[in-house]
Structure formats: C-alpha cells, structure tokens
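Please open the model in a viewer and keep the sequence at hand.

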Amino acid sequence: MISIEELDQKVQQIIRQAGQNAYQKMENDYQIDTKTNYTDLVTTIDRENEQLINDQLRKIDPDSQILSEEGFGDQQISNMQGHVWIVDPIDGTMNFVKQHNNFAVMLALYVDGQPTLGYILDVINNRLYHGRRNAGVYVNNQKIIQPADLGLRESLLAMNRTLTLSGDSALKEIAQDAIGLRMYGSAGIEMIGVITGQLGGYISNLKPWDLAAGRMLAEELGLVVKSIDGSSINVLSSNLVLVATRQVSRDIRQIIN
Ligand code: 2AM
Ligand code: CA
Ligand code: CA
Ligand code: CA
C-alpha cells in the first residue's frame, strides 16, 4: 500500500492541477448554476475540479472513501474507518465568480478518524498551505510557526454573514470585544488567516468539506478547533465551529457560559 508520505507528494500535484484549472478559466470560461437558493452558487469549474481530484484520488488510493461537496464522491459515508478523503473543489464559489480572488481548493485525508493530511490552496496567491500529522505545517516550502497566543481584545475575528446577522447576544458581545471583525466569504481563506496569526479566531457554520483541511492544519499548529460551546466536533456533520488561539477560545467560552 502507498505510504502517507507518497500520498502527500502526489496530492500536492493534484491540488495544484485543480488550482490551475480554476485560474485559467476564471475570467469567463465557465457556467453558473444555483443550488438551494440564489446565493448558493455552483460553477462548471467546481464540478470539473471535483471530478479531476476524485478520479486521481481513486487511482492513487483505490480502497479509500471520498466525501465531496458536488456529488462525485461516495454518497453514503457513515463511518470514518480507513482512509477518508474530504474534498472542497472550490471554497468560496461566490468570491470565485464575483471577485476572481479569495477562493481556495481544499482537501484532507482522515485515517481511522484522525486528521492526517491537510491542504488549502490559495489559488490567486499561488500559496499551498499543507501539513502532515506530527510533521508540521508549511506554506509552499516554508515552515509555519505556531501563532502567538493572543486574546480576543488583541485579535481580529472572522465570522460568517448568517451568524453576524443572527442577533444572538453572545455572538454580538464576542464580535464587539474583538479588536476588529472580518468577513472573507471563504472558510479556507479565513482558516489560513487563523493559522498564520492574521486572525485570532474564526466562527462559522461549517460542513465537513469546509472544515476538514483547516482543522487538520490548525490542530497541528496547537490551535483550538471546537464547537462554539466547547464540545468536540464531528467531522461528518455540520458544526458551529470555532477555530482560534487558546486564549481567544478561553475568552469566548467566558462570554458564552
Ligand atoms: P463554498 O463556497 O464551498 O460553498 C461562505 O461564507 C463560506 O461558507 C464559503 O466557505 C462557503 O463554501 C461556505 N458555505 C457553507 N455552506 C454554505 C451555503 N449554504 N451557502 C453559501 N456558502 C456556504
Ligand atoms: Ca457550495
Ligand atoms: Ca466550502
Ligand atoms: Ca465548495
């Protein structure tokens, strides 16, 4: 069986191919559809990337399961036994369409439920954030050091639109305590913010493919990845997630409890 190190090398090539595909076609070479409502977009590039990634994952790791957003993976994944790949072919599809910026390709491998490999490709900046369990986190070939453990009042905080507009009084207090509030529209780009120390925390409702890669990278760097109430997350379900420094996590817990 192929080793985790060999998989890591091959997956870096695969995700860069998907990034190039999106970059080459982003000016106009694609069609747009809506999914659940007019704000929920999918493009032909989301689908092409997912097929490209899943086809190659099946070649290099044939006995694995694949959980992916646009329907080209395995439909029923009820357990995390063995190799499970989790794929977001374009994260921030709205940004891809409207900004041609601030979108990512994301991939992760979980082995028996353990976050093992994680990748977030910031396509426009050509930066691949990648990590392997117990082997550190890198941006391209440069090692990322653990961000400083700043608290909420010293940190920028990112939150998604639904939560920001929810009117929830605890979330409002959290947002007001932070030194500033940001909203990038891509879970991947926001989690890059936390792992590089540009943001002290990120709060959002995340699906498995929004969370899987960033969680792997954040935990490898000693950051906190938890449900907002402090409980552990289940990567197979949708979660209200906090990714943050330890101190921001403590500060938020104090407001919520
Ligand atoms: P996506 O572009 O892959 O769908 C936008 O706030 C962020 O939330 C993006 O990372 C987006 O990922 C994600 N997201 C998750 N569920 C969403 C939904 N129902 N509508 C729009 N964005 C969603
Ligand atoms: Ca989507
Ligand atoms: Ca996503
Ligand atoms: Ca997506």
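Two strands are taken to pair if DSSP finds at least two bridges between them. The model is a predicted one.

**First stop: the sheet of five strands.** With that criterion in mind, select S10 to S14. These five strands form an open sheet in the order S11-S10-S12-S14-S13, and the pairing is mixed. At its edges lie strand S11 (180–182) and strand S13 (224–227), each of which pairs on one side only. On average, neighbouring strands of this sheet are turned by 20° against each other, direction ignored.

Which residue of S11 is the bridge partner of Leu157? That partner is Leu181.

Then show helix H8 (residues 246–256), which lies across S12, S13 and S14 and runs at about 130° to S14.

**Second stop: a pair of helices.** Select helix H6 (residues 187–195) together with helix H7 (residues 208–220). Their axes come within 9 Å and cross at roughly 10°. Angles under 35 degrees count as roughly parallel, so H6 is roughly parallel to H7. To see the contact, display the side chains of Ala187, Gly188, Met191, Val194 and Ile195 on H6, and of Asp210, Gly214, Leu217 and Ala218 on H7. By class, this contact of H6 with H7 has six nonpolar, two polar and one charged residues.

Select S3 to S9. They form an open sheet in the order S3-S4-S5-S6-S7-S8-S9, again with mixed pairing. Here the edge strands are S3 and strand S9 (142–143), each pairing on one side only. S3 and S4 run parallel and are joined by four bridges. Within this pair, Gln65 stands opposite Val84 in S4.

Helix H1 (residues 4–25) packs on the sheet, touching S4, S5, S6 and S7, and its direction makes about 30° with that of S6. H7 packs on this sheet as well, touching S3, S4, S5, S6, S7 and strand S8 (137–139); its direction makes about 105° with that of S6.

Colour the protein by its domain assignment, which gives domain 1 (4–143) and domain 2 (152–256). The centres of domain 1 and domain 2, taken over C-alpha atoms, are separated by 21 Å. Their contact takes 30 residues from domain 1 and 23 residues from domain 2.

On the side of domain 1 that touches domain 2, at least two residues each are supplied by strand S3 (65–68), strand S4 (83–91), helix H3 (93–98), strand S5 (104–111), strand S6 (114–122) and strand S7 (127–132). Which element gives the most to that side? S6 does, with six residues. By class, the side of domain 1 that touches domain 2 has 18 nonpolar, seven polar and five charged residues.

**Last stop: ligand 1.** Centre the view on ligand 1 and show the residues around it: Asp40, Asp88, Asp91, Gly92, Thr93, Asn160, Gly185, Ser186, Ala187, Lys207 and Asp210. This shell has one nonpolar, five polar and five charged residues by class. With the domain colours still on, note that the shell draws at least three residues from each of domain 1 (4–143) and domain 2 (152–256). Two members of the shell, Ala187 and Asp210, also take part in the contact between H6 and H7.

Conventions: Residues numbered from 1 in each chain as written. Chains lettered and ligands numbered in written order. Predicted model: local features only at pLDDT ≥ 70, side-chain atom pairs only at ≥ 80, totals over all residues. Axes fitted to C-alpha atoms, helices over the stretch in contact; angles between N-to-C directions. Parallel < 35°, antiparallel > 145°, perpendicular 65-115°, else oblique. Contact = placed C-beta atoms within 7 Å. Nonpolar A, V, L, I, M, F, W, Y, C, P; charged D, E, K, R; others polar. Near = placed C-beta within 6 Å. Domains from an automatic or database assignment.
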